[in-house]
Structure formats: C-alpha cells, structure tokens
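I opened this notebook to record what I looked up in the structure. The entries follow the order of my reading.

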Amino acid sequence: MTESEIKSTAIGKIVDVTVHPLVLLSVADHYHRVARGTRKRAVGVLLGTVSRGSIDATNSFAVPFEEDSRNPAVFYLDHNYLENMLGMFRKVSAKERVVG
C-alpha cells in the first residue's frame, strides 16, 4: 500500500475542506510575525473535526521550532509546548482533533 492509500483508507475520501476565518487570521498573523521577508517557515497545528468526507478546521495554534542552519530539512519542534497546547484546547473543546 502506498502512503496515499493508507491515508485514504484511514480517514475515508475527503471531498470538502472548510477553513474558518479565525484560522486564516491566526495563520497569517503567525507568518507575518515569524517569517515575513525571510526564507524561514512557519509551523502550526490545525484543529477541527472530520465527518463524512468533510474536514472543518475551526481553530489553530502556532508551534515554535528551529531549523538547522546547515540543513533546512532538519528542524526541532518543542514537543512539550505542543502537548500542553493540545491539552488546553481539549479542555475548551473536547470534540476538536488535529486535522493538519
């Protein structure tokens, strides 16, 4: 099985994606604060729900990370921060899951 077949089997066929305005604003703000005018990347997590072939991205948050200056394919995520943020978001909305 290829990677795309595995993903398709695991979550079904996705036919619709809805991104809420708050998510777009949050992503644009993070990019402008961190990577605007540079070749750096901005990393974050999309939260929402998946049902009947539809992804609904309702929330997001930025994830701090550093790239290796010698090899941009190597980067370091703050896993503790990621887990803490996921835990706090689950307290507010238990139905939201990581969708991207």
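I began with G48, whose bridge partner in β3 is A57. In β6, I found that the bridge partner of G48 is R97.

I noted the basis of these entries: the model is predicted, local features need pLDDT of at least 70, side-chain atom pairs count only at pLDDT 80 or more, and totals for chains, interfaces and linings use all residues. Residues are numbered from 1 along each chain as its sequence is written, and side-chain values use heavy atoms, with hydrogens and water left out.

I then looked up the strands themselves (DSSP runs of E, at least two residues, numbered from the N terminus, as are helices, which are runs of H or I of at least four). Two strands pair if DSSP finds at least two bridges between them. Strand β2 (residues 44–51) pairs with strand β3 (residues 54–62) in the antiparallel sense over 8 bridges. The two form a hairpin with 2 residues between them, and R52 in the turn has a positive phi of about 50 degrees. β2 also pairs with strand β6 (residues 97–98), in the antiparallel sense over 2 bridges.

For the whole protein chain, I recorded 3 helices and 6 strands. From the N terminus, their order is α-β-α-β-β-β-β-α-β.

I next checked burial (buried is under 20% relative accessible area, exposed over 50%, partly exposed in between, with a 1.4 Å probe and protein chains only). Buried residues make up 20% of the 100 residues in the protein chain. V17, in strand β1 (residues 16–19), is exposed, with a relative accessible area of 51%.
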